[in-house]
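Please read the structure below together with the text that comes after it. The account moves from confidence to the chain contact, then to domains and helix packing.

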Amino acid sequence: MPPDHIVRSRYRSASIVRHVQPYLFFYPSFLLVAVVSFLPMFYAVRQSLHAASYLEIGPFVGLANYVELLTHGGGLWNIQTSIIFVLGSLALTMPLGIGLALLLNQPIRFRTVFRTILIVPWIVSQLVTGLLWMWLYDGRVGPLAHALRQLGLNVSGPLTDVNWAMPSLILANTWHSYPLVMVFTLAALQTIPSEIGEAARIDAASAWHRFWHVTLPLIKSTVLVALVLTTLHTFNTVTTVLIMTGGGPVGATEVLALRVFKEGFQFYRMEVASTAAVVIFVLNIVFSLAYIRVLRAERA
Amino acid sequence: MTQPVIRARSGRSQLRILGVGITYLALVLAAAFALLPLLWGLSTSLKAPADVLSSPPRWIPDPVDFENYARGLFSAKFLRYMANSFLVVIGSLVVSVGFAVHAAYAVSRFKFAARETLLFLIWSTIMIPGVSIIVPLYLLTVDLGIYDTLFVVVLAYSAWLVPTLIWLLRGFIETVPYELEESALVDGCSRLKAFYVIVLPLLRPGLAAASVLVFVTIWNDFLLAFSLTLRDENRLLQVGLYSFVTELGIEWGPLMAATIGSTIPVVIAFALLQRQFIQGLTGGAVKG
């Protein structure tokens, strides 16, 4: 038997290890996230309350940057453009995603093949989405312009047309976004026991009736999650818009997220970029809270 | 008496055949919508340079020509961009999955001070959209003198991914029965050893999904890489594609070769590893 003090010290070192271990396991992640996510957010809030000259922070100005952005600064226009972009995308993405999920949930042949093909746009990057659709929309040699010309419509390129730029952008974004809704909805549909559908079918309920009164209530919370994710994802999109229109023509597609990018990396107006960045962050929180509230109300 | 019943039934089955027909038609149209932009890009990339701008548009390249690939995808510059992306993916895999799997284990197996609060803080950063922190992150890295290095890009992506990875991996860790570790601990195995030898091997499906998420996120991201790098030699793939558009004036042939060529590997990987992709991507769907 080892002497008493050795046992104790061995016991003590083991207990120190046991005490320190959780922190050794957990803290690297926490520190990394703190430095790369919290610190910049703090930087952004601080900069949004100060004036700036190029990369240097200037004197404290209170909320003047926010007032400026939302009055003369065109911030309201950016927010309005963002809302159109989001609502337009939702109007196409949600029915398309849910509809395709319903189709894929049926016992049909080649289901896996269809599902695989239909998910592909999801794994293509935003930049590539933008490039592919730009090329498809090309006014001189693109197949879309060609098809329209044969119908007697002369389109010189929808992305440079004030009225067509936003719808074209929405279509490209829909292409990239509907698979998420489809995948989420399909997962929810597959948890519905088949007896429920059978019962409704025996009651001779119409397909539409079955969907609206039987299926939809069962998948509502998943659909809501997909709706919120699509909203946030679209609202925060910079890349697709940057590459396709750069915010033009004449600001028709200048969404708030793009404004942040341009102010920060093209005009180097850091106070404007930071202010808009904080506004985007706050709106993200608002969207998410609204959705948590809806979900809670649902469960209660 | 039986006549009307039969007629009604055959009417219903005709309706059903019609329904199935409509289902297939809708799915074929949707599949065409999904593939159209990619196929048009592929077609362009395989055309001879002189045919790229031919009008009316032709879908089948004739002759098939690989010069666009030589000048786009396989140009020295673009190979460098892809190698950079690959390096950053590897580095971020080590850092983010390495950190996250330990943190996820700590969260589901240890009790420690302020555990719930700290976890909440980590997960709350999922709500910070990338676009809100790129500008301050840029300023911060300039202040610290680490701007325009691949090292800082690895750190930033890792921090971006860690919260989601903890979420994803915790789910997998909690499916491992605690009794396995407990019996090892009773046998005198250390905690650390129990984690590495017993738990980690059982997490392989989770680690696969996590790796897919890391790979797709970094391979596809433009915003963060653009914000944190400047020199040509530090550009990642998507920034490289972007520079093809802004710097040279668009040459669609080589551009489509680079675009399609850098996308197809991901598509093929997806077709082979669908389950892991969907697990990883639905986990990562949270981050904007």
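The paragraphs that follow describe a predicted model.

Confidence for the complex as a whole is given by an ipTM of 0.91 and a pTM of 0.91. For chain A, the mean pLDDT is 88, with 92% of the residues reaching 70 or more. Among the elements of chain A, the lowest mean pLDDT, 71, belongs to helix α8 (residues 194-202) of chain A, and the highest, 97, to helix α10 (residues 239-244) of chain A. Residues 1-9 of chain A have a pLDDT below 50, and beyond near neighbours in sequence this stretch makes one contact in the model. Where pLDDT is low, the predicted coordinates should not be read in detail. Chain B has an average pLDDT of 89, and 93% of its residues score at least 70. Within chain B, confidence is lowest in helix α13 (residues 274-284) of chain B, with a mean of 79, and highest in helix α10 (residues 223-228) of chain B, with 96.

The two chains meet in a contact that involves 69 residues of chain A and 77 residues of chain B. On the side of chain A that touches chain B, the largest share comes from helix α1 (residues 4-48) of chain A, which supplies 18 residues. Sorted by class, that side of chain A consists of 51 nonpolar, 17 polar and one charged residues.

In chain A, domain 1 covers 4-48 and domain 2 covers 73-299. Over C-alpha atoms, the centres of domain 1 of chain A and domain 2 of chain A are 40 Å apart. The contact between these domains joins four residues of domain 1 of chain A to six residues of domain 2 of chain A. On the domain 1 side of this contact in chain A there are two nonpolar, two polar and no charged residues.

In chain B, domain 1 covers 3-67 and domain 2 covers 75-284. A distance of 36 Å separates the C-alpha centres of domain 1 of chain B and domain 2 of chain B. Here the contact takes seven residues from domain 1 of chain B and six residues from domain 2 of chain B. The side of domain 1 of chain B that touches domain 2 of chain B has three nonpolar, three polar and one charged residues.

The remaining topic is helix packing, with one pair from each chain. Two packed helices are described by the angle between their axes and the distance between the axes. In chain A, helix α3 (residues 75-104) of chain A and helix α7 (residues 165-189) of chain A cross at roughly 40°, and their axes come within 6 Å. At this angle α3(A) and α7(A) are therefore oblique to each other. The crossing of α3(A) and α7(A) is right-handed. Residues in the contact of α3(A) with α7(A) comprise 17 nonpolar, eight polar and no charged.

In chain B, helix α11 (residues 237-247) of chain B packs against helix α12 (residues 252-272) of chain B at an angle of about 165°, with the axes 10 Å apart. Angles over 145 degrees count as roughly antiparallel, so α11(B) and α12(B) are roughly antiparallel to each other. Their crossing, α11(B) with α12(B), is left-handed. From α11(B), the contact uses Leu237(B), Leu241(B) and Phe244(B); from α12(B), it uses Leu255(B), Ala258(B), Thr259(B) and Ser262(B). By class, the residues of this contact between α11(B) and α12(B) are five nonpolar, two polar and no charged.

Definitions and conventions: Residues are numbered from 1 along each chain as its sequence is written. Chains are lettered from A and ligands numbered from 1 in the order in which they are written. This is a predicted model: local features need pLDDT of at least 70, side-chain atom pairs count only at pLDDT 80 or more; totals for chains, interfaces and linings use all residues. Helices (H or I, at least four residues) and strands (E, at least two) are DSSP runs, numbered from the N terminus. Ala, Val, Leu, Ile, Met, Phe, Trp, Tyr, Cys and Pro count as nonpolar, Asp, Glu, Lys and Arg as charged, and the others, Gly among them, as polar. Domain bounds come from an automatic or database domain assignment. pLDDT is the predictor's confidence in each residue, from 0 to 100. Axes are lines fitted to C-alpha atoms, for helices over the stretch in contact, and angles run from 0 to 180 degrees between N-to-C directions. Angles under 35 degrees count as roughly parallel, over 145 as roughly antiparallel, 65 to 115 as roughly perpendicular and the rest as oblique. A crossing is left-handed if the near helix is turned anticlockwise from the far one by less than a right angle, and right-handed if clockwise.
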